[in-house]
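Dear colleague,

I am passing on a structure for you to look at, and below it I have written down what was found. Please keep the structure open beside this message as you read.

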Amino acid sequence: MNQIKTKRLVLKKPTKKINKKSIVSQIGDWEVAKWLSGVPYPYTEEKAEEWLNNINHDDLRFSIFLNGSFIGGVGASLEEDNKLDLGFWLGKKYWGSGYATEAAMGFIQYVKEETNFKEITACYIKGNTDSSNVLMKLGFKEVGECEEYFLSRRKTMPCIKLLLKFGHI
């Protein structure tokens, strides 16, 4: 499936058609980038081009669109322990409207229906109450603490690890 529709959003597999300037203006904002472990800061058009050129359509990653406009991303990476780890982000001007929860819920429903995974992990940097709130609304439960290296901050940060076992949404 290349597209997931929710009440207000459309999640699509990323393509090279996404405007690089739109990516950079949103994920390149320090208020967004500082919460993301895999995003360098400053984020440049060259980084956006590199990301767009390395898109693998088998990846469980989706771009989030609102009324046809690109506003963020949601997806999961396959970890070394063969578990999915959820990630999501939105451009700052889209915060506080429930879009992250809606997009992640749509994505999780897709994973439940279209894959054999029975659980998803997630983690957020301590102090990121917005991500914590989204994950709690989705039914994730805290399972411990961890440390993760953040490209944007160029250092390892303390994080909270969470788990969602399906059937709890």
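To begin with Thr 115, the backbone nitrogen of Phe 117 lies 3.3 Å from a polar atom of the Thr 115 side chain, and the backbone oxygen of Val 111 lies 2.6 Å from a polar atom of that side chain. Please bear in mind that the model is a predicted one. Thr 115 belongs to the loop that runs between α4 (99–114) and β6 (119–125), and because its relative accessible area is 18%, which is under 20%, Thr 115 counts as buried.

Within helix α4 itself you will find Gly 106, which is also classed as buried because its relative accessibility is 12%. If neighbours within four places in sequence are set aside, Gly 106 is in contact with Ile 4, Thr 6 and Leu 11. Phe 88 is 18 residues from Gly 106 in sequence, and their C-alpha atoms are 12 Å apart in space.

The other finding concerns two helices, α1 (residues 20–27) and α3 (residues 45–53), which pack at an angle of about 115 degrees with their axes 9 Å apart. Since angles of 65 to 115 degrees count as roughly perpendicular, α1 and α3 are therefore described in that way. The crossing of α1 past α3 is right-handed. On the α1 side the contact is made by Lys 20, Lys 21, Ile 23 and Val 24, while α3 contributes Glu 45, Ala 48, Glu 49, Trp 51 and Leu 52. Sorted by class, this contact has five nonpolar and four charged residues, and no polar ones.

Terms used: Residues numbered from 1 in each chain as written. Predicted model: local features only at pLDDT ≥ 70, side-chain atom pairs only at ≥ 80, totals over all residues. Heavy atoms only, no water. Helix = DSSP H or I, 4+ residues; strand = E, 2+ residues; numbered from the N terminus. Buried < 20%, exposed > 50% of the residue type's maximum accessible area, 1.4 Å probe, protein only. Polar contact = N/O pair within 3.5 Å; in protein donor to acceptor, adjacent residues only side chain to side chain. Axes fitted to C-alpha atoms, helices over the stretch in contact; angles between N-to-C directions. Parallel < 35°, antiparallel > 145°, perpendicular 65-115°, else oblique. Left-handed = near helix turned anticlockwise from the far one by under 90°. Contact = heavy atoms within 4.5 Å. Nonpolar A, V, L, I, M, F, W, Y, C, P; charged D, E, K, R; others polar.
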